[in-house]
Structure formats: C-alpha cells, structure tokens
Amino acid sequence: MSDLVMQRRIAAPPPTVFAFLTEKDKLLQWFGVDARLDPRVGGQLRIDVTGGDVVEGEYLEVTPHERVVFSWGWVDSQEVPPGASTVTFDLLADGEGTLLTLTHAHLPDDAAEPHAKGWTYFLGRLGAVGAGEDVGPVSLEEMGSTEPRLTIFANETEGP
C-alpha cells in the first residue's frame, strides 16, 4: 500500500478553497462532470469524474476552512473499490492564499501512479479556478498526459 501526498499553493484564502471542496457548483468548476455531495460526517459523496468514471465515498471529517476527509473508491473497481482509500485535504493560510496538502492514503501500489497523474491534473485546475480562471471541461487527453508539477511524496505503508 502507498500514501500519496501532494502540495499546491492556491491563490485564494482557505474559506474560498474550502467552498471549492464542499459545494457542488464550485467543485464542478475544477473536478468532475457531475456530483452529489453531503459534506458532513457520515454524509455520502458521489462524483462522476470523467463522464463515466465514478467515485463514491463517505465524509469522515469536515472542519470548515481547515480540513476535508472522505473515503474514496471507484464504482465497479476491484483494485480501489468505494471505501478502500482515504482522501484528506488540509488547508493552511499562506499569506493571502492557501497551502493545500492532499493526502490520498491506502492506495494499492499499482494505483498510486495513475492517481498521482489524476490529482496533478485536477489540483492544477483547482489552482487555476482559485486564481479566478475558467478551466473549461475535464479533458481526458490532458489528464492522461499531465506531467507532475506538484510536490509528490510517496510513502510505503504496511497493511490496509
């Protein structure tokens, strides 16, 4: 199992970034094509990331303007099924912006690289919308060819 940790500075304060993580209309500006969100502990989330690849999970922690944690997994996946991994967004005020740290924990080793590519693509989009840009629709072509531009730390963990 691997943990993927990525950091990105967002040119928006933590309350704005928090809204991009918890409000459907704001989330869909940078991540996915459709979503159902209930951002409270025990609430469910379902995000159609690409127009066919769907993630489901449950909110485990929601601390306004500081942290969002949810379980994560792909519908119809045996490698990373719903609930198999955990995604954490930590938000730290950094001047007028936010230092966002994403931790995607308990990924099977074979799933770490594709998730790193996907998160690199989507966190780039989050950075752009945080700066007030319109990034347009999700592009499978761009997602597959994104070069890592973020600080990435892969940590091996033992057990599930």
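Mentor: Start with the largest pocket, whose lining residues divide into 11 nonpolar, 4 polar and 4 charged; Ala, Val, Leu, Ile, Met, Phe, Trp, Tyr, Cys and Pro count as nonpolar, Asp, Glu, Lys and Arg as charged, and the others, Gly among them, as polar. This is a predicted model in which local features need pLDDT of at least 70, side-chain atom pairs count only at pLDDT 80 or more, and totals for chains, interfaces and linings use all residues. Residues are numbered from 1 along each chain as its sequence is written, and side-chain values use heavy atoms, with hydrogens and water left out.

Trainee: Which element gives the most to the lining of the largest pocket?

Mentor: On a 1 Å grid over the protein atoms alone, a pocket is an open set of points with protein on both sides within 12 Å along at least five of seven lines, and lining residues have an atom within 4 Å of a point. The lining has 19 residues, with W74, P114, H115, G118 and M143 nearest the centre. Two or more residues come from each of β5 (67–74), α3 (109–130) and α4 (140–145), where helices (H or I, at least four residues) and strands (E, at least two) are DSSP runs numbered from the N terminus. The element that gives the most, with 8 residues, is α3.

Trainee: Which residues line the largest cavity?

Mentor: A cavity is a set of points where a 1.4 Å probe fits but cannot get out. The lining of the largest cavity has 11 nonpolar, no polar and no charged residues. They are L21, L27, W30, F31, L37, L45, I47, Y59, F70, F89 and W119.
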